[in-house]
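Here's a quick briefing to read alongside the model. Have the sequence and the 3D view open as you go.

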Amino acid sequence: MVQIALPFDLLNAAHPWTLTLLTVAICTVLLARRLWFVRGKLHVRDIPGPVDNVSWLYGNLPELLLSRPYGKFEFQWQEQYGSIYRFKGCFSEDLLFISDPAAIRYIFNSAKLFDFSPNRSFIAFLIFEKECIPALRNGGEVHRRIKNAFSAAFTPARLQPYVPVMRDISRKAADKLMQKYLEREPNDPNAAVDIYHLLQHVTSDIIGEVGFGQQFNAVETNGGDKVVQSHQNVIMLGSRPSKSAILGETIIPYVPRIILRLMLRLPTRTVRTLQSFRAVSEAWASALLRDSLHLSEDSTDGGLVGFVVSSNKNLKHERLSFSEISRQTSMFLVAGQETTANALTWALYALAKQPIWQDQVRKEIIEAENSESSLDKLNYLNAHIKETLRFYPTGPLTERMAFEDTILPLSRPVTTISGRVITELPIRKGQMIHVGIASYNRDPHVWGPDAHTFNPSRWVDDRYDSGDLPESIGPYSNLATFVGGARMCLGWRLALLEMQVVLSELIPKFRFSFGPGQEDSVMPSFALTLLPIDVGSEKPSLKLLIQPTQPYGG
Ligand code: HEM
C-alpha cells in the first residue's frame, strides 16, 4: 500500500523569514481563490455530517486522523449519519466521507473520473520520482503499461517458488523469538517480547528475497543494511501524525513549485532524509537491474523485479524503459514491507486476545503439517487472516478527487438536510472524497450485526465468504483492504502468502498472550498505516508473552 505524506517541517523549520512570509502570503491568496471556487459549486453542502462547531483551520481532520483508537469518531459518525456524510477539512473545505459499497465500487472502477489529488501524486513524485506507479495518472497509458508488466510477476505461479525462502526467514524469526524467550528474566513471568519490530525485519527480508533476490538479513542483524534503513527512514517521515502535518499536507499543493523546489534544498531533517533515500535507492536499483539483465525468465535469482527485467527484454510492444522499472523497486520496498508487517502484527495481537481460537488455529496447522496439506486449505488460519484484514485494514483510509462531474450510485438512500431522499449523489469536478476502507469493512449492512466484533468464525461458516463475485469490492473476499480497480494493490497476493507462511511457522511453535495491562497499552493508531502504538512510550510496539509449545530444539 502506498500512502505517503511529508511532515510539516518540510515547509516549516529553520527557513529564512522572508521565504516563510512569502510562502504564507502566496498560499493564502491561492487557498482563498480555490476555496471560493470550490464552495460556490458544491451540491454536497446538503449532505448531513458532523460539521457543526468544528475548527475552521483543521476541520474534523484531527478527530478522524489523530483519535485513538483509530475510528473512534469515524465509526460513531458512520452509525449516526450512515455510509455517506459530509465533514470538514482544513480551512472549512467540505469533504465527503464514503463507505457505501456501490459508491466505493464506482469510484474504484472509474479510473478516468477518480484519482489521487494532485497533492498526493506530487508527494509520491517527490519521494519516488515521476515514473513510480502511485505518481502516475490512474489507468493512464503509462500506469496501465507498467502495472500490466508487474502484475505478470505477482501471479500465484510466480510467487509459489518463493515459499521455501519465506519459510527459512520465518524459521530464523522463530529462532530469534526462542532466543529472546531464553534470555528473559526467568523469575519474571510477565517478561514480554516486542513482536512488532521482529515482524518488520521478517517482511524486509521477505520482500528483499522475493522482490529483488537480495538478502537484507534484517532478522539476523536486527535491522538490515543501508538500503533497508534508508527506506525505513522514509516510511518514518510519514508516520508522525500531528495537526501541523495535516495542515502541511493541505497546503503543499498550493505552494508554487518554484518555492517547493527551493525548500527542497534547505538543510532540514526531512530534506536530508529524502536526499539520502534517493541517492541510496537510485544506486541500489540501477545495480539490481544491471545484474538482472542476464537472467532468464524462469530464474528466481533476481526476484520478481528480475523477472520483469528479463521478460521485458523480449517484448516488442509495450516495453518498459530502464527507469520505468527501476523507479518501482524502492516503491515496492516501501509499499510492501511495513504494510504486511503491520497486518502480521495485528494477526498475532488478535490471536493473543482469543486463546481458545488460537489453539484451534495451531491444532489445524500441526495436523496439516503431518498431511502436507496446502496453505489455502487451512480454514482456521485463513479465516483468521481474513478477519484481521477486515478488522485491522493496514490502510484504513484513502482519498480520491473527482476529475469530472459525475453521479455516484448509492446502495442505500440518503436523506439530505433539506429533506430530499436521494438514491444517487451528484459530484462536482474537484470534490475531495475520503474512502472509508475501515468503515466499509465494518458496515453492518455488509457484515451483519457483529460487524464491530473480531469474529473469525464468520469466515469458517461461510456466511460472508461469497467468493469474489463481480459486485465484490477489491480482489479478496469482498474486503476493501486492497482497494480495487486500476489502483488495486499490486502486491495483495504476495501479502497474503507472506501472512500464511509466517503465521503457519510461528503459531505451532509459540503460544502468544498478553501480560497484565499489556492488552490495554496498545492502541490502533493511524500513521498512514494502522500501527499498534504503545500508549506509554508513544512508539509502535506490540509486547506479547511467548511460551514455546515444545522444548527448545524439539
Ligand atoms: C497487507 C499488506 C498490504 C495492504 C493492506 C496493502 C494495501 C494497499 C492499498 C489500500 C493500496 C491502494 C492505496 C490507495 O489507492 O490509496 C495499495 C496500493 C499498492 N500496493 Fe499494497 N498493500 C499491501 C501489501 C503490498 C505489497 C506486499 C506490495 C508489493 C510488494 C504492494 C504494492 C502496492 C502498489 C505498487 C500499490 C500501488 C497501486 C497503484 O497505485 O496502482 N502492497 N496497497
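Let's start inside: Phe 154 is buried, because its relative accessibility is 7% (buried means under 20% relative accessible area, exposed over 50% and partly exposed in between, with a 1.4 Å probe and protein chains only). This is a predicted model, where local features need pLDDT of at least 70, side-chain atom pairs count only at pLDDT 80 or more, and totals for chains, interfaces and linings use all residues. Residues are numbered from 1 along each chain as its sequence is written, and side-chain values use heavy atoms, with hydrogens and water left out.

**Overall picture**
- The protein chain has 22 helices and 13 strands (DSSP runs numbered from the N terminus, with helices being H or I of at least four residues and strands E of at least two).
- Of its 554 residues, 59% count as buried.
- Take the contacts in the protein chain with a separation of 6 or more: 77% of them come from residues 24 or more positions apart (contact means heavy atoms within 4.5 Å).

**Aromatic pairs and clusters**
- There are 26 aromatic pairs in the structure (rings of Phe, Tyr and Trp, the last by its six-membered ring, pair if their centres lie within 6.5 Å; planes under 30 degrees apart are stacked, over 60 edge-to-face, and the rest tilted).
- One of these is Phe 154 with Phe 332, an edge-to-face pair at 5.6 Å centre to centre and 90 degrees between the planes.
- That pair links distant parts of the chain, 178 residues apart: Phe 154 is in the loop between helix H6 (141-151) and helix H7 (156-159), while Phe 332 is in helix H16 (residues 322-353).
- Phe 332 counts as buried because its relative accessibility is 8%.
- Tyr 349 and Phe 514 also pair edge-to-face, with 5.4 Å centre to centre and 80 degrees between the planes.
- Tyr 349 sits in helix H16 and Phe 514 in the loop between strand E9 (510-513) and strand E10 (522-527), so this pair ties together parts 165 residues apart in sequence.
- Both Tyr 349 and Phe 514 are buried.
- Phe 73, Trp 77, Tyr 81, Tyr 85, Phe 87 and Phe 97 make up one aromatic cluster.

**Arginines over rings**
- Arg 137 lies over the face of Phe 403, 4.2 Å from the ring centre (the cut-off is NZ of Lys or CZ of Arg within 6 Å of the ring centre and within 35 degrees of the ring normal).
- Arg 442 does likewise over the face of Phe 391, at 3.7 Å from the ring centre.

**Around Ala 383**
- Ala 383 is in helix H18 (residues 379-391), and it counts as buried because its relative accessibility is 2%.
- Leaving out residues up to four places away in sequence, Ala 383 touches Trp 357, Pro 456, Trp 459 and Val 460.

**The E4-E13-E9 sheet**
- Three strands form an open antiparallel sheet in the order E4-E13-E9 (strands pair if DSSP finds at least two bridges between them).
- Strand E4 (193-194) and E9 are at the edges with a single partner strand each, so one side of each has no neighbour in the sheet.
- E4 and strand E13 (residues 543-548) run antiparallel and are joined by two bridges; Asp 194 has Lys 543 as its bridge partner in E13.

- In helix H5 (residues 118-128), nine of the eleven residues are buried.
- The cover over the buried residues of H5 includes helix H11 (226-237), helix H12 (243-251), helix H13 (257-263), helix H14 (269-292), H16 and strand E5 (397-402).
- After H5 comes Glu 129, with a positive phi near 80 degrees.
- In strand E8 (residues 432-436), Met 432, His 434 and Gly 436 point one way, Ile 433 and Val 435 point the other way, and all are buried.
- Strand E2 (residues 94-98) runs parallel to E8 through three bridges, whereas E5 runs antiparallel to E8 through five bridges.

**Annotated position**
- UniProt, in an unreviewed entry, lists Cys 489 for "binding site" (positions follow the numbering used here, feature names are shortened, and annotations may be inferred rather than shown by experiment).
- Cys 489 lies in the loop between helix H21 (457-460) and helix H22 (492-506).
- Not counting residues up to four places away in sequence, Cys 489 touches Phe 482 and Val 483.
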